[in-house]
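Please report on the model shown below.

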Amino acid sequence: MSADMADVNPSSEWKLKPHPVLPSGKPCVVCILDGFGENKYKDEYNAVHSARTPNVDKLRENAERCRFVQAHGTWVGLPSNDDMGNSEVGHNAIGSGKVYKQGASLVDAALESGDLFKGDGFAHVKQAFEGHTLHLIGLLSNGGVHARYEQLKQLFQGAYEHGAKRIRLHILTDGRDVPDGSSIEFVGQLEKDLEQLRAKGCDALIASGGGRMHVTMDRYEADWEIVERGWKAHVLGEAPHTFTKALDAVTELRKLPKANDQYLEPFVIVDGEGKAVGTVQDGDAVVLFNYRSDRMVEISKAFEYENFSAFDRVRYPKDLKFAGMLQYDGDLKLPKNYLVPPPFIERTSGEYMVKNGLSIFACSETQKFGHVTFFWNGNRSGYFDEKRETYVEIPSDKCPFNEKPDMKTREITEAGIAALKSGKYDLLRINYASPDMVGHTGSLEATIRACETCDECLGELLAEVDKLGGVYLVCSDHGNADDMVQRNKKTGQPLQDANGVNMALTSHTLAPVMVAVGGAGLKDSVKMRDDLPEAGIASITATFINLCGYEAPSDYCPTLIKTD
């Protein structure tokens, strides 16, 4: 660990006060079991409950050192408590120790006030309205994690009112944050709304699409072929499937073997002569209407960067007026133009720690690597202090995650244990991705396996913490694996399709999440506070800062622990 503090002299505004009871100098592990919620439905369809998890069970049994906190809605900066939390806002909260208004809230406010249509970003896009096409690309969903249908509707209606004469929609079907099969309903509604727009004189059509996990919405550069499929469909008008109507496209493609909304094949809408109705041409405008950043960064690079080598774009439209709903990477300034300013998250825990001489290790696999780095650090790429930070990414498998439900949990554990044994680090933050990522597949059996592997590996990791006299905090960022079926809201019983088969739930949940502290190096006097019944996950931050031997900044959400 960072024993040499001679080169550290933080200014008074950054200096952390020593904790009056808890000592510094012990390694502290923060382990996030991603998507591992505590659901009220404790039955066979709750993978967290059904899995054999002796290590997590042991943590839960120690009531003085384990509690549950909220990880959704207003606790993570979303508009209402009906909004599910997600990994982006969850890691923002855990990394920053505060609650910031997040994507959906920011966009809602900008649309309600009309500010979205008055800003520089919209003015940039508006330059294309006379004589060119406005293209809108994003997730067709009301799941509230990446995008909302009502926002999309307000966007294209507002664009028309501000002069857009030709609009093309490039839609990505969901089936992940909303039920599989709901794409048909969403496309049907979109067609009706566009028909009304056409009746007013606007040439508005759906031009292309595909499933979110197969087309366009890759993240962390896990599989650029996903983005390439989107580029070919949206920009070039090329896809293995063509249709004259989008509703026919979604309906027919869902009939293919193993097809679902998430992995729908790319398609292009063509006219009666077989010509694509909405390719992106020189001088056009393109807006990505998702507000969440992680799955928009790569397609943003393809549109924004003139020098680009991830795949052959074949044709790069000139004089393109490109913008994101938000700026998806503040450090890269990507995109340069955006419709709604993102939350400004400053003074995160990582920055405080390196300024106070602490060394940090962060590790996950590709699917969640950005969460323990970029999102944790307040939507900031790179290091605060490269000498004091080590970030390790374990490449994720390129396959449906239910096929390999262990994902890279064991490799992450090995890297974490090696980092612990090195003695170099004061804080180690580790994310196990599989409960969330496998949970999104809808496979109950695979998700149970993912939870069991996480528990086994967690036991190995915490055993090493104990050997070294360290401390730990185990938590999650939101629910998911804790409920794998759609339910009757009144009875809680599983909903079934026309064939009597339970309907899988692939989305996050509103469940609270566990926070447990422990370790051989933790003083016996440390217990969970009993005066914060409505605490959220932003309070985790002050808690692990305490475990590192420091008092948290005064403007952070209150710690969950007491020492008397």
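## Strand pairing around E8

In this predicted model, strands E8 and E9 (residues 321–324) run parallel and are paired over 4 bridges. Within that pairing, leucine 288 stands opposite glycine 324 of E9. E8 also pairs with strand E3 (residues 134–140), again through 4 bridges and in the parallel sense. Here histidine 135 has valine 286 of E8 as its bridge partner.

E8 itself covers residues 285–288. Ala285 and Val287 point one way from the strand, and Val286 and Leu288 point the other way. All of these residues are buried.

## Helix H10 and the crossover

Which elements make up the β-α-β unit with E8? They are helix H10 (residues 297–304) and E9, and the unit is right-handed.

H10 is largely enclosed by the rest of the structure, because 8 of its 8 residues are buried.

## Nonpolar cores

The largest nonpolar core has 76 residues. The members that touch the most others are Leu116, Leu134, Leu136, Ile167, Met325 and Leu339. Nonpolar side chains tend to be buried together in soluble globular proteins.

Beyond its neighbours within four places, leucine 339 contacts Leu116, Gly121, Phe122, Val125 and Leu155, among others. Its contacts also include Val287, Ala323, Gly324 and Met325. A second, separate core holds 46 residues, including Leu22, Val471, Cys548 and Ile561.

## Two buried serines

Serine 208 sits in strand E5 (residues 203–211). Its relative accessibility is 0%, so serine 208 counts as buried. Which side chains make polar contacts with the side chain of serine 208? One is histidine 170, at 2.6 Å. Another is histidine 234, at 2.8 Å. Setting aside residues up to four places away in sequence, serine 208 also touches Leu169, Ile171, Ala233, Phe267, Val268 and Ile269, among others.

Serine 87 is listed by UniProt as "active site", in an unreviewed entry. This residue belongs to helix H3 (residues 87–96). Serine 87 is buried, with a relative accessible area of 0%. Apart from residues up to four places away in sequence, serine 87 touches Asp34, Arg292, Lys368, His371, Asp436, Asp477, His478 and His508.

## Glutamine 367

Glutamine 367 lies in helix H12 (residues 366–369). Is glutamine 367 buried or exposed? Its relative accessible area is 6%; the cut-off for buried is under 20%, so glutamine 367 is buried.

The side chain of glutamine 367 makes a polar contact of 3.2 Å with the side chain of arginine 219.

## The annotated domain

UniProt lists residues 107–329 as "domain: BPG-independent PGAM N-terminal", in an unreviewed entry. Over this range the chain is 33% helix and 17% strand. The end C-alpha atoms of the range are 17 Å apart.

## Backbone points to check

The peptide bond from leucine 334 to proline 335 is cis, with omega near -10 degrees. Proline 335 lies in the loop between E9 and helix H11 (349–355).

Phi is near 60 degrees for lysine 258, which is not a glycine. Lysine 258 is in the loop between helix H9 (246–253) and strand E7 (267–269). With a relative accessible area of 82%, lysine 258 is exposed. For valine 314, also not a glycine, phi is about 70 degrees. Valine 314 is in the loop between H10 and E9. Its relative accessible area is 63%, so valine 314 is exposed.

Notes
Residues are numbered from 1 along each chain as its sequence is written. This is a predicted model: local features need pLDDT of at least 70, side-chain atom pairs count only at pLDDT 80 or more; totals for chains, interfaces and linings use all residues. Side-chain values use heavy atoms; hydrogens and water are left out. A nonpolar core is a set of buried Ala, Val, Leu, Ile, Met, Phe, Trp, Tyr and Cys residues joined through side-chain atoms within 4.5 Å. Buried means under 20% relative accessible area, exposed over 50%, partly exposed in between (1.4 Å probe, protein chains only). Contact means heavy atoms within 4.5 Å. Two strands pair if DSSP finds at least two bridges between them. A crossover is right-handed if, with the strands pointing away from the viewer, the path from the first strand over the helix to the second runs clockwise. A polar contact is a pair of N or O atoms within 3.5 Å; within protein, one must be able to donate a hydrogen and the other to accept it, and residues adjacent in sequence count only if both atoms are side-chain atoms. UniProt positions are given in the numbering used here, feature names are shortened, and annotations may be inferred rather than shown by experiment.
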